[in-house]
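The following paragraphs accompany the sequence and the structure shown here. Please keep both in view while reading.

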Amino acid sequence: MGMDVCGKSGAYFRRNIWGWRPLAECVRHIAPDTSRKCKHWFSNDGDGLNARQSKAMALILEAALADGTIAAYVAKRNARLATLTDETCITCHGTGVRDDDIGREQGMTQRIIETAGHPRHRETGWCNGCDGRGRTRPLATWYRLTEDDIREFAAFLRESEGFQIC
Ligand SMILES: [Zn+2]
């Protein structure tokens with residue numbers, strides 16, 4: 001599932017849920033007053049901003065990119081995510097070997113781990129949920145945000161003449 005952000009000018013911006021959520025969170029943090037005009041940032045309900053609001057938000061985001069506010073936001077966010085510890089893999093329950101029907105059908109229980117440096121190097125049995133490691137990064141770390149995402153969104157806002165999230 002993804003978010004299609006359609007500009008009234010025909011401009012178009014798209015992110016999957018892993019990219020859209022952190023982007024919308026950042027935008028709402030950086031431009032709270034303008035972003036409040038759109039109530040539904042996290043659903044495909046067709047909510048959005050008009051041309052004037054979109055332009056205003058573009059200017060705020062461009063200023064925040066220029067003065068390092070966005071860079072600091074992204075760095076702080078990444079630092080916080082880096083402190084989260086790995087979680088037990090839900091696919092193999094931490095064993096590193098997926099032995100459910102799918103795992104057996106696809107040969108995961110028989111697969112020998114050949115990756116150099118892998119903690120289970122040369123052991124038999126693998127899991128596609130954790131690369132056979134038994135641990136995964138927490139879900140929160142799957143949501144990605146970079147300065148370029150904000151730069152691209154600001155450029156879209158500038159061109160959009162207003163938008164709807166569909
Ligand atoms: Zn696993």
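This is a predicted model: local features need pLDDT of at least 70, side-chain atom pairs count only at pLDDT 80 or more; totals for chains, interfaces and linings use all residues.

Two residues are taken to be in contact if their C-beta atoms, placed from the backbone, lie within 7 Å.

The overall division of the chain provides a starting point. Domain 1 comprises residues 2-83 together with 141-165, while domain 2 covers 85-136. Between the C-alpha centres of the two domains the distance is 37 Å.

The sheet comes next. Four strands, arranged in the order β2-β1-β6-β3, make up an open sheet with antiparallel pairing. Strands β2 (12-16) and β3 (48-50) each have a single partner strand, so one side of each remains without a neighbour in the sheet, and these two strands stand at the edges. On average, and with direction ignored, neighbouring strands of the sheet are turned by 15° against each other. The antiparallel pair formed by β1 (residues 2-7) and β2 is joined by five bridges. Within this pairing, G2 is found opposite N16 of β2.

Helices accompany these strands. Helix α6 (residues 147-160) packs on the sheet, where it touches β1, β2 and β6, and its direction makes about 35° with that of β1. Helix α3 (residues 51-66) lies across β3 and β6 (162-165), and runs at about 100° to β3.

Which residues of α6 are buried? They are D149, I150, F153, A154, L157 and S160. Because these residues cover an arc of only 130° around the axis, they are placed on the same side of α6. The partners against which the buried residues of α6 pack are the strands β1, β2 and β6 and the helices α1 (17-30), α3 and α4 (69-82). Just after α6, residue E161 adopts a positive phi of about 60°.

Is Q106 buried, exposed or partly exposed? Q106 has 13 C-beta neighbours inside 10 Å and therefore counts as partly exposed, given that a residue is exposed with 12 or fewer such neighbours and buried with 20 or more. Relative to A79, Q106 is 27 residues away in sequence, and the two C-alpha atoms are 37 Å apart in space.

Terms used
Residues are numbered from 1 along each chain as its sequence is written. Two strands pair if DSSP finds at least two bridges between them. Axes are lines fitted to C-alpha atoms, for helices over the stretch in contact, and angles run from 0 to 180 degrees between N-to-C directions. The arc is that of the directions from the helix axis to the C-beta atoms. Domain bounds come from an automatic or database domain assignment.
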